[in-house]
Amino acid sequence: MAYYPTEITEQPDGSYTWSCSIEVEYHRKSMGTGFKACIGIAVFLLLFGAYFVWQHQDWETFWIVAGCTAVFLLITMLVFGLTLLATDPQEVYEMTETYVKTGAGKSSAFFHFRKAKTAVFTRRYIELQGNVAKMRVYTPAEDFDYVKDFIRVRLPDDCEILYK
């Protein structure tokens with residue numbers, strides 16, 4: 001696992017990395033989206049399993065599908081329940097000339113600056129909004145102006161910039 005300092009650090013490849021506290025409500029809202037996705041997967045598994053059970057008229061095997069789905073839901077509730085208990089959630093960031101990335105590994109998400117339609121600059125974070133994607137970039141207070149200027153000059157000309 002990579003180490004992410006709490007101050008913005010330039011890497012040998014020219015990218016910048018840091019870790020930062022994020023707002024608890026924003027963290028909970030983003031976790032809520034993932035939880036809803038897991039509920040959707042569980043519903044899909046039940047419906048798909050029920051379809052095959054109905055097609056083969058073997059209703060006894062439905063309990064296997066229901067049991068597996070129940071275990072999936074229990075694991076989901078445990079993982080998301082523990083995640084929602086965080087009182088000081090942290091996020092890691094990587095910023096390059098073309099995008100900003102939040103998270104690490106398979107749980108990372110990218111926002112390419114060229115896809116920005118709106119950029120909202122607040123005192124605590126920068127929110128980049130595209131047609132579909134939206135990302136908040138939190139920075140340490142002492143590095144906020146640097147990140148704000150870095151991102152602002154890389155936004156497309158038609159990007160709407162708001163200050164709140």
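Modeller: The answer below goes through ring pairs, then charges over rings, then the neighbouring sheet. The model is predicted, so local features are described where pLDDT is at least 70 and side-chain atom pairs where it is 80 or more, while totals for chains, interfaces and linings use all residues. Residues are numbered from 1 along each chain as its sequence is written, and side-chain values use heavy atoms, with hydrogens and water left out.

Rings of Phe, Tyr and Trp (its six-membered ring) are taken as a pair if their centres lie within 6.5 Å; planes under 30 degrees apart are stacked, over 60 edge-to-face, and the rest tilted. On that rule there are 15 aromatic pairs. One of them joins W18 and Y93, which are stacked at 5.3 Å centre to centre with 20 degrees between the planes. W18 belongs to strand β2 (residues 16–21) and Y93 to strand β3 (residues 90–95), so this pair ties together parts 75 residues apart in sequence. Helices (H or I, at least four residues) and strands (E, at least two) are DSSP runs numbered from the N terminus. W18 and Y93 are both buried (under 20% relative accessible area; exposed is over 50% and partly exposed in between, with a 1.4 Å probe and protein chains only).

F44 and F48 also form a stacked pair, with 5.3 Å between centres and 20 degrees between planes. F48 is partly exposed, at 43% relative accessible area. Ring pairs also link F44 and F48 with Y51, F52 and W54 in a cluster.

Two arginines lie over rings. The charged end of R136 sits over the ring of Y125, 4.0 Å from the ring centre, and R154 lies over the face of F150 at 3.6 Å from the centre of that ring. Such a case requires NZ of Lys or CZ of Arg within 6 Å of the ring centre and within 35 degrees of the ring normal.

As for the sheet, strand β7 (residues 125–129) runs antiparallel to strand β6 (residues 118–121), and four bridges join the two. V120 stands opposite E127 in β7. The open sheet has four strands in the order β8-β7-β6-β9, with mixed pairing; a pair of strands needs at least two DSSP bridges. β8 (134–138) and β9 (160–163) each have a single partner strand, so one side of each edge strand has no neighbour in the sheet.
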